[in-house]
Amino acid sequence: MTRRAEGTIGRIAARLAWMSLWIALIAGCDLPASAPCEITDPDGQAVANTSLGAWPAELSWREVWRAGGLNDDETLLRPAGVAVSPDGSVAIADWGLAEVIVLGPGGEWQGPVMTRGEGPAEVQAPAAVTWVDANTLLVLDLGAFRMVTLDLASHSASVTPVDQAFLSPVYTSGQVRFVALQPDSTVWLEYPGPIEDGWEERSFVRWSPDKPVNDTTMWSRARAFAGMTLAAWPRALLGVGAETWAVSSPDGRYELEVFGRDGTSLVRFCHVGEAVPLSPAERGEDADAEMPDEWREALRELGEPPNPAITSRIVVDLDGRIWVQRDRSLPGTFDGHGAPGAMYDVFLQSGRFLGSIRLPDGQRLLEARGRRVWTLHTGSLGESSIVALEIVGF
């Protein structure tokens, strides 16, 4: 069934019966008039958060382990996706190497479990990976239009074709802006769309072998420029976890909606927040030589968005918590793992605000569970490392 979101969050065409409405207000400071937290047209479970959360204001990080980097025996080139098993092992789908690599719970380098090739246990362009159980990996191979289920104990593999009509819009565009894979073999992609007057229609679509129909869950307009979308202009965002998924308002309000596996709305929640001020690069005033002069001129002519985006990325972690990135990527940059060193607001699956925390410099959020957070770090020489961090202070 096709579902779209326009003006309000992810309006589902065929929702199940709604739960009784209740509004939960966390005691604290008054909501600023410039950024109210009000659920629009609430007709189900809703939570309105103030700026106070359960986490202490002062939190810090402790590095637990690091793998990859400049170690010749631990090569990573372009990690496209990672997944963490119940025991803490990490599987990495490395797009650049065309390999799937496994790390032990303590960061021990166990090496590739899948390498480049056309056999059942090989991959060509691994774009996403997830754990089906403690001993089984599921890998999305965009290059071969298939998913591979790999049993690590026996190294046996089974192959499930993925509809080429579903993958082709992304494959032929040459840009994979968003991809997610759930343990039940549901694949999520963001489709590029037509551009008109500087606006591009982008949609999030899902597909699974059990329901082989392209299901557009939401769409919104994005400000398009030089083959990219500008993060300062509000658009709908999506985060996908193992059991739930969350979408943001396409019109710039700090409001999100969480859905269960079957598309039933679980909760809508809002939070107090104002957009990060536009940077010189976003205004076209940055003299960085890496940005062409014509880009700077075009950004200056475009001007500032009437209501700059408050959020720029959503991650649903292994506990079902929702991490909302506040910092925006700069024009001309693309990183599916978010901005380095970004600030995140963290919410329970219920919509309750936990607190805010900034990642260490140069690190991008990949996954989280409890106090443990896994990140991607890119060094000064372009080397990639997977880092396990621990939140200290709660």
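1. Aromatic pairs. Rings of Phe, Tyr and Trp (for Trp the six-membered ring) are taken as a pair if their centres lie within 6.5 Å; planes under 30 degrees apart count as stacked, over 60 as edge-to-face, and the rest as tilted. On that basis, a search of the whole structure finds 13 aromatic pairs. The structure is a predicted model, in which local features need pLDDT of at least 70 and side-chain atom pairs count only at pLDDT 80 or more, while totals for chains, interfaces and linings use all residues. Residues are numbered from 1 along each chain as its sequence is written, and side-chain values use heavy atoms, with hydrogens and water left out.

2. W199 and W233. The ring centres of W199 and W233 are 5.8 Å apart and the planes stand at 85 degrees, so this pair is edge-to-face. W199 belongs to strand β14 (residues 199–208), whereas W233 is in the loop between β16 (228–229) and β17 (238–240); the two are 34 residues apart, and the pair links distant parts of the chain. Helices (H or I, at least four residues) and strands (E, at least two) are DSSP runs, numbered from the N terminus. W233 has a relative accessible area of 9% and is buried; buried means under 20% relative accessible area, exposed over 50%, and partly exposed in between, with a 1.4 Å probe and protein chains only. On the W199 side, R221 lies over the face of the ring, at 4.4 Å from the ring centre. A charge sits over a ring if NZ of Lys or CZ of Arg is within 6 Å of the ring centre and within 35 degrees of the ring normal.

3. F269 and F347. This aromatic pair is tilted, with 4.7 Å centre to centre and 40 degrees between the planes. F269 lies in strand β20 (residues 265–270) and F347 in strand β23 (residues 343–347), so the pair ties together parts that are 78 residues apart in sequence. Both F269 and F347 are buried.

4. Aromatic cluster. W55, W323, Y344 and F394 form one cluster. At F394, the charged end of R371 sits over the ring, 5.0 Å from its centre.

5. Disulfide. There is one disulfide in the structure, the term being used for a pair of cysteine sulfur atoms within 2.5 Å. C37 and C270 form this link, with their sulfur atoms 2.1 Å apart. The angle about the S-S bond is 95 degrees, and the link of C37 and C270 is right-handed. C37 is in the segment before β1 (46–48) and C270 in strand β20, 233 residues apart, so that the pair links distant parts of the chain. Both cysteines, C37 and C270, are buried.

6. S208 lies in strand β14 and is buried at a relative accessible area of 9%. Not counting residues up to four places away in sequence, S208 touches S185 and T186, where contact means heavy atoms within 4.5 Å. A231 is in the loop between β16 and β17 and is partly exposed, with a relative accessible area of 26%. Leaving aside neighbours within four places in sequence, A231 is in contact with A309, R328 and S329. From A231 to F394 the separation is 163 residues in sequence and 32 Å in space, C-alpha to C-alpha.

7. Backbone points to check. Most residues other than glycine have a negative phi. F145, not a glycine, has a positive phi of about 55 degrees. F145 is found in the loop between β8 (136–141) and β9 (146–151), and counts as buried at 17% relative accessibility. D197 is not a glycine either and has a positive phi of about 55 degrees. D197 is placed in the loop between β13 (195–196) and β14, and is exposed, with a relative accessible area of 69%.

8. Confidence and overall form. pLDDT is the predictor's confidence in each residue, from 0 to 100. The mean pLDDT of the protein chain is 87, and 91% of its residues reach 70 or more. Over residues 1–34 the pLDDT is below 50, and this stretch has 96 contacts in the model beyond near neighbours in sequence. The protein chain has three helices and 27 strands. Its radius of gyration is 21 Å, close to the 21 Å that the globule rule gives for 394 residues, so the chain is as compact as a globular protein of that length; the radius is taken over C-alpha atoms, and the rule is 2.2 Å times the number of residues to the power 0.38. Buried residues make up 54% of the 394 residues.
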